[in-house]
Amino acid sequence: LSLAEVSVSAPTVINPHCICPNNQMSPQTAFIAWNDSELSGWYPKHCILSLLNKSGQPSDVALFFTGTRFIAWSYSQQQPLQPTPYRMVAHHMFSALPPPFCHVGIDAVVYVSPRTDTSLVFLMCDDKYMMWHLERGTAVGVVHTMGVDGKFKGLPFNRVDTAVNLFKTDTDEVALFKDGQVLYWSLDQDLILQGPFNTGTSSGTREADVFGSLP
C-alpha cells in the first residue's frame with residue numbers, strides 16, 4: 001500500500017494515529033492510498049474510506065480496501081475489528097456489487113455529499129464508476145463510464161488512480177488524481193474547478209499548494 005501524507009483544509013480524512021501512533025501530526029492530515037497506473041499489474045487496487053457519523057464528522061472506523069477484500073480498522077483500538085479481511089462479495093455492505101467492482105476491487109471511493117448524506121459514496125474502478133449506498137448495500141442508479149456520462153461527464157481523465165473529498169462547509173468537491181496529475185471537481189456543478197496540474201509542483205492558486213509537495 002502506497003501512502004502519501006498531505007495536510008488539507010478539511011476534517012481528517014484518515015486518522016494519522018492509525019498508521020503512526022507515536023507521530024504527532026496536524027489534525028488535518030490526510031492519507032491518500034495510491035494506485036500507480038504503471039504498477040497496476042503487480043499490486044491489487046487499494047483505497048481507504050474513513051467512515052463518517054450521521055453529523056458528517058469522522059467516526060472511529062476506516063475501511064481499508066485491497067483487491068476484493070477489506071478490513072474495518074478502529075482508530076481507538078489501533079487494530080482491525082475482525083481477525084481476517086472480509087471478502088467484499090460475502091459482506092452485506094458490498095455483496096451486490098456488479099462487475100467490474102466485484103471482480104477486481106476499487107481504485108477510489110469518495111462521498112457523494114458528506115454535508116448531506118454520509119451513506120452515499122462513489123465507487124471507481126478502471127473507467128467505470130457508480131453511486132453506492134453503504135447502509136443498504138445497493139447501487140443507486142447504473143454503472144457509468146468515467147468522462148462519458150453521469151456526475152463525471154466531461155472529466156478529462158478516463159480513470160482515476162485515487163480520489164479524496166475536500167470537506168468544504170458550503171460545497172461538495174473532490175480532488176481526482178491520475179498519472180501524477182490532480183484536478184478539482186465540483187460535485188454540485190459537475191465540472192472542473194481547477195486543473196489538471198502536476199502534483200509535486202505549485203500553481204499558487206486555490207488549493208493547488210495542498211498537493212504541491214506530493215512525492
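Me: Which residues does Leu123 touch, leaving out those up to four places away in sequence?
Reply: Leu123 touches Leu97, Phe101, Ile106, Ala108, Val109, Lys128, Tyr129, Met130 and Trp132. Contact here means heavy atoms within 4.5 Å. Keep in mind that this is a predicted model, where local features need pLDDT of at least 70, side-chain atom pairs count only at pLDDT 80 or more, and totals for chains, interfaces and linings use all residues. Residues are numbered from 1 along each chain as its sequence is written, and side-chain values use heavy atoms, with hydrogens and water left out.

Me: OK, and which residues touch the most other members of the largest nonpolar core?
Reply: Leu63, Phe65, Phe94 and Leu123 do, in a core of 25 residues. A nonpolar core is a set of buried Ala, Val, Leu, Ile, Met, Phe, Trp, Tyr and Cys residues joined through side-chain atoms within 4.5 Å. Buried means under 20% relative accessible area, with exposed over 50% and partly exposed in between (1.4 Å probe, protein chains only).

Me: Which strand gives the largest share of this core?
Reply: That's S3, with 4 residues. Strands are DSSP runs (E, at least two residues), numbered from the N terminus.

Me: New topic: how many disulfides does the structure hold?
Reply: It holds 0. A disulfide is a pair of cysteine sulfur atoms within 2.5 Å.
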